[in-house]
Amino acid sequence: MSSIDTQDLALTEWHARYEAIDPASALQGSAAGKVVFITGASQGIGLATAVAFAQAGAKAVYLTARSQRALEAACDRIRRTNPNTQCAYSPCNVTSAEQVEAAVADCVKKFGGIDVADANAGRLGPWAKIGESDPASWWHTWEVNLRGAYHVIRFTMAHLIESARRWAAQGSSGGHLILVSSVGAQLLMPTASDYQTSKHAINRLCEFVQVDHGQDGIKCFSVGPGGVATDLARNMPEDYYHYLTDTPELPAGFIVWLASGKADWARGRYLSANWDVEELISLKEKILRDDLLVNRLRTRS
Ligand SMILES: NC(=O)c1ccc[n+]([C@@H]2O[C@H](COP(=O)([O-])OP(=O)(O)OC[C@H]3O[C@@H](n4cnc5c(N)ncnc54)[C@H](OP(=O)(O)O)[C@@H]3O)[C@@H](O)[C@H]2O)c1
């Protein structure tokens, strides 16, 4: 099916939140003063991430998705989680450049900037062999997953650069950009070509963000959130449901950890939320020396 065994790090794997990535304890206060913009924040991993940033003391979270009612409920949850974290939302389809641009502008108008952008909205459509797939559905997956992430990058970039400069001037870290990817990015599962190629492209896009904007202080990460039993994940064939063993709080805490600046050295790379973060840090030298966790063409075994 694939050579995934050679594309993973042999680290302790977590399936639920643990101390080092807990926004309510180890990461308490790490998001203080920060404004977080999240797409696909009405439910699932995106909502858990918004809640986690509120637990970590964010100044504000700005939530987008298509469903207004779900966004309202999500903002209520943020206010209950931390009354000191401001919350605003706007309905926004990530496939529309105009809508993403308007949501970003509204966030900046309300909260004064963006310190963390999380391109989380995603689509997993019906699985089919390429030669039997529905052309509109196949391409729609790319539109949501890749074009949507591109729009978030494109319209938040200037604000993230400003954030990186501001926080660096205070001896701290800002300008974090999270692209939610998938373990599927490196897999070759039959009938999953639309989703898995779109996530593979996201990993590469993350590398390009770093090439184009690393010198501007941007820290971009492509994040595999694990396997979480969300509406999206349950669109997989039932045979794969046994992979859905992770809580949404695991990737949420991992993303807060990334935005805290503790892994800025790993920018431009794919990281899995399942990996133990202390063990990941212990591999820093090797990862940088061997340029690991990036998309490359294999030319020898
Ligand atoms: N769950 C997993 O095991 C897993 C594994 C690997 C990767 N991921 C990735 O994790 C991310 C979050 O997924 P999830 O599992 O949390 O799924 P989910 O619970 O179904 O949430 C998906 C979110 O994306 C929003 N969304 C969908 N299409 C959109 C569009 N065109 N424009 C704007 N928002 C849109 C949805 O809200 P509306 O419908 O209201 O727009 C919802 O808020 C996705 O990128 C997914 O590929 C998940």
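This is a predicted model: local features need pLDDT of at least 70, side-chain atom pairs count only at pLDDT 80 or more; totals for chains, interfaces and linings use all residues.
Strands here are DSSP runs of E with at least two residues, helices are runs of H or I with at least four residues, and both are numbered from the N terminus. Two strands pair if DSSP finds at least two bridges between them.

Residues are numbered from 1 along each chain as its sequence is written.

Now look inside the sheet. Strand β4 (residues 116–119) runs parallel to β5 and is joined to it by 4 bridges; D118 stands opposite I178 in β5. Strand β6 (residues 219–224) is likewise linked to β7 by 4 bridges, and these two run parallel. Here S222 has Y270 of β7 as its bridge partner. Both faces of β7 are covered, with R269 and L271 buried on one side and Y270 and S272 buried on the other.

Next come two helices, α3 (residues 97–111) and α4, whose axes come within 9 Å and cross at roughly 30°. Axes are lines fitted to C-alpha atoms, for helices over the stretch in contact, and angles run from 0 to 180 degrees between N-to-C directions. The crossing angle is why α3 counts as roughly parallel to α4, a label for angles under 35 degrees, while those over 145 are roughly antiparallel, 65 to 115 roughly perpendicular and the rest oblique. The contact is made by A97, V100, E101, V104 and V108 of α3 together with H151, V152, F155, T156 and H159 of α4. Residues are in contact if their C-beta atoms, placed from the backbone, lie within 7 Å.

Finally, find S172 in the loop between α4 (135–169) and β5 (176–180). S172 counts as exposed because it has 12 C-beta neighbours inside 10 Å. By this count, 20 or more other C-beta atoms within 10 Å make a residue buried, 12 or fewer exposed, and numbers in between partly exposed, with C-beta atoms placed from the backbone. Leaving out residues up to four places away in sequence, S172 touches W167 and G261.

Notes: Two residues are in contact if their C-beta atoms, placed from the backbone, lie within 7 Å.
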